[in-house]
Amino acid sequence: GINAGSADKLEDPTAAATSFIRSNVVTIPLDSTNYIFSCFVRKDATISRFPSLLLDMPDGTGVFTGVNLNTSTGAIANYFNNFPALLDKGVVDVDSLWWRVWFKTANDGTSSQLRVLIQPCQCSVLGDVDDVTLTGFITAWGINITNTTSLQTYDPDPFYSFIGAPNPFFTTVGAKRF
């Protein structure tokens, strides 16, 4: 697969606020089906900041949930204010370079919109509250949202051809993309 994915360096450059990238809102069915978010995050040795990977259904009662990742060990924890609780979560140890982080949540039957967010430096203790003083970066690619009950194989495959410009589907809020 040529153009199978583009890796982005996502950086929080300021100790004044927690920075993030956020996708545009997409329309989803107004139902109570499951959604699985997955993303490839590059392994590194940094244990002073943990990124968050989040799924937001901003209308209705406002489902906002996700996980934190230890990019060194692959450990994950629920994002500090998960609402609702996750149905399941996990990390796939893809190879020596990448983790594939995933979690499952359900639409609560009141949302018709969905978007994803990534905070490269959300907390200094896995699963803790936002820490605005953190700075640093992660490298991520291959965000995938499926309306399924189990994690799907990333498609297209193989997925190591990082060619192309950053995805215009995302906007940055305080974060830098390289």
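Start by selecting Asn-34, which you'll find in strand 4. Is Asn-34 buried or exposed? With a relative accessible area of 17%, Asn-34 falls under the 20% cut-off, so it counts as buried. Now show what surrounds it: leaving aside residues up to four places away in sequence, Asn-34 touches Leu-87, Lys-104, Thr-105, Ala-106, Thr-146, Asn-147, Thr-148 and Thr-149. Keep in mind as you click around that this is a predicted model.

**Zoom out for a moment**

Switch to a cartoon view of the whole protein chain. How many helices and strands are there? The chain has zero helices and 13 strands, so reading along the sequence gives you β-β-β-β-β-β-β-β-β-β-β-β-β. Of its 178 residues, 45% are buried. If you look at contacts between residues at least 6 apart in sequence, 74% of them join residues at least 24 apart.

**Rings, part one**

Back to side chains. A search of the whole structure turns up seven aromatic pairs. For a first look, select Phe-37 and Phe-103: their ring centres are 5.0 Å apart and their planes meet at 20°, so this pair is stacked. Why does the pair tie together parts that are 66 residues apart in sequence? Because Phe-37 lies in strand 4 (residues 34-42), while Phe-103 lies in strand 9 (residues 98-106).

**Rings, part two**

Next, select Trp-141 and Tyr-154. This aromatic pair is edge-to-face, with 5.2 Å from centre to centre and 80° between the planes. Trp-141 belongs to strand 11 (residues 136-146) and Tyr-154 to the loop between strand 11 and strand 12 (170-173), so the pair ties together parts that are 13 residues apart in sequence. Trp-141 is buried, with a relative accessible area of 2%, and Tyr-154 is buried at 10%.

Ring pairs link Phe-40, Trp-98, Trp-141 and Tyr-154 into a cluster.

**Charges over rings**

Where does the charged end of Arg-42 sit? It is over the ring of Trp-98, 5.6 Å from the ring's centre. For another example, select Lys-9 and Phe-137: Lys-9 lies over the face of Phe-137, at 4.4 Å from the ring centre.

**Last stop: the cysteines**

Finally, select the cysteines. A disulfide is a covalent bond between the sulfur atoms of two cysteines. How many disulfides does the count come to here? The answer is zero. Take Cys-121: its nearest cysteine sulfur is that of Cys-123, 9.8 Å away, and Cys-121 is in no disulfide. Cys-121 is buried, with a relative accessible area of 0%. Cys-39 is buried as well, at 1%.

Conventions: Residues numbered from 1 in each chain as written. Predicted model: local features only at pLDDT ≥ 70, side-chain atom pairs only at ≥ 80, totals over all residues. Heavy atoms only, no water. Phe/Tyr/Trp six-rings, centres within 6.5 Å; stacked < 30°, edge-to-face > 60°. Helix = DSSP H or I, 4+ residues; strand = E, 2+ residues; numbered from the N terminus. Buried < 20%, exposed > 50% of the residue type's maximum accessible area, 1.4 Å probe, protein only. Lys NZ or Arg CZ within 6 Å of the ring centre and 35° of its normal. Contact = heavy atoms within 4.5 Å. Disulfide = S-S within 2.5 Å.
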